[in-house]
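Reader: I'd like to walk through this one with you before I set anything up on my side. Can we take it question by question?

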Amino acid sequence: KEFNAELKSLRELLGEASRVIPGALLKKLGQEIVVNDKGQERRVTVRGMTGGVISADYTEKVGEGTVVKPVTIPISKLDPAELLRCIGDDNTPGKSLIKCSLCMKKGEFFAAKKAAANCGPLAEPLARIADAKRPSGE
């Protein structure tokens with residue numbers, strides 16, 4: 001029974017985590033986010049999202065005026081820092097799991113360990129991974 005309860009808890013955590021980024025980005029409809037395009041930061045206005053891809057408008061200066069170009073951006077290509085801004089506070093285990101993952105991707109292992117503390121059944125192993133990756137002295 002204990003194993004089944006832990007498994008159920010893990011399934012719920014992963015289910016919540018899978019909805020964190022899409023939910024945060026949907027709240028950004030009509031707002032600007034920053035995307036990293038080949039090393040350059042560009043501001044785009046989010047228009048929609050389908051199947052892990054954001055539809056957005058990019059406004060480009062052309063001569064004296066501007067041109068609005070529609071763009072599509074896979075969520076997987078968004079900068080971890082921008083995703084962290086979109087997610088906001090890690091006030092749920094699912095958000096904490098995503099924040100932990102994004103912080104590790106950015107190399108911010110102290111922040112990853114802090115987020116790991118609220119990751120339910122994954123808290124302990126994630127904290128160990130963050131500690132192992134942290135350079136000495138951090």
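Reader: Let's start with one side chain: is Thr45 buried or exposed, and why?

Author: Keep in mind that this is a predicted model. Thr45 is found in strand E2, which covers residues 40–50. Its relative accessibility is 15%, and the cut-off for buried is under 20%. Because of that value, Thr45 counts as buried.

Reader: Leaving aside neighbours within four places in sequence, which residues is Thr45 in contact with?

Author: Contact here takes heavy atoms within 4.5 Å. With the neighbours within four places left out, the partners of Thr45 are Gly30, Gln31, Glu32, Ser55, Ala56 and Asp57.

Reader: Okay, zooming out: in what order do the helices and strands run from the N terminus on?

Author: The chain has five helices and four strands. Reading from the N terminus on, the order is α-β-β-β-β-α-α-α-α.

Reader: How many bridges join E2 to E3, and which way do the two run?

Author: E2 and E3 form a hairpin with two residues between the strands, and Gly51 there takes a positive phi near 50°. Thr50 stands opposite Val53 in E3. The two strands run antiparallel, and the number of bridges joining them is six.

Reader: And how many bridges join E3 to E4?

Author: Here too there's a hairpin with two residues between the strands, with Gly63 in the turn at a positive phi of about 60°. Lys61 stands opposite Thr66 in E4, and Ala56 has Val71 in E4 as its bridge partner. E3 takes in residues 53–62 and E4 residues 65–74; they run antiparallel, and the bridge count is 10.

Reader: I always look for pockets. How much space lies in the largest pocket?

Author: Its lining includes Val35, Arg42, Tyr58, Val71 and Lys77. E1, E2 and E4 each supply at least two residues of that lining. The space in this largest pocket comes to about 180 Å³.

Reader: Now helix H5: why are its buried residues on the same side?

Author: The buried residues of H5, which spans residues 123–133, are Ala123, Leu126, Ala127 and Ala130. They cover an arc of only 100° around the axis, so they sit on the same side of H5. An α-helix has 3.6 residues a turn, so residues three or four places apart point the same way. The arc that puts them together is thus only 100°.

Reader: Which residues are exposed on the other side of H5, and which helices do the buried ones pack against?

Author: On that other side, the exposed residues are Glu124, Arg128 and Ala132.

Reader: Last one, for the whole chain: what share of the residues is buried?

Author: The C-alpha atoms fill a box of roughly 65 × 40 × 20 Å along the principal axes. Among contacts with a separation of 6 or more, 39% come from residues 24 or more positions apart. Of the 138 residues in the chain, the buried share is 31%.

Definitions and conventions: Residues are numbered from 1 along each chain as its sequence is written. This is a predicted model: local features need pLDDT of at least 70, side-chain atom pairs count only at pLDDT 80 or more; totals for chains, interfaces and linings use all residues. Side-chain values use heavy atoms; hydrogens and water are left out. Two strands pair if DSSP finds at least two bridges between them. Buried means under 20% relative accessible area, exposed over 50%, partly exposed in between (1.4 Å probe, protein chains only). On a 1 Å grid over the protein atoms alone, a cavity is a set of points where a 1.4 Å probe fits but cannot get out, and a pocket is an open set with protein on both sides within 12 Å along at least five of seven lines; lining residues have an atom within 4 Å of a point. Grid points are joined across faces, edges and corners, and a volume is the space filled by probe spheres set on the points. The arc is that of the directions from the helix axis to the C-beta atoms.
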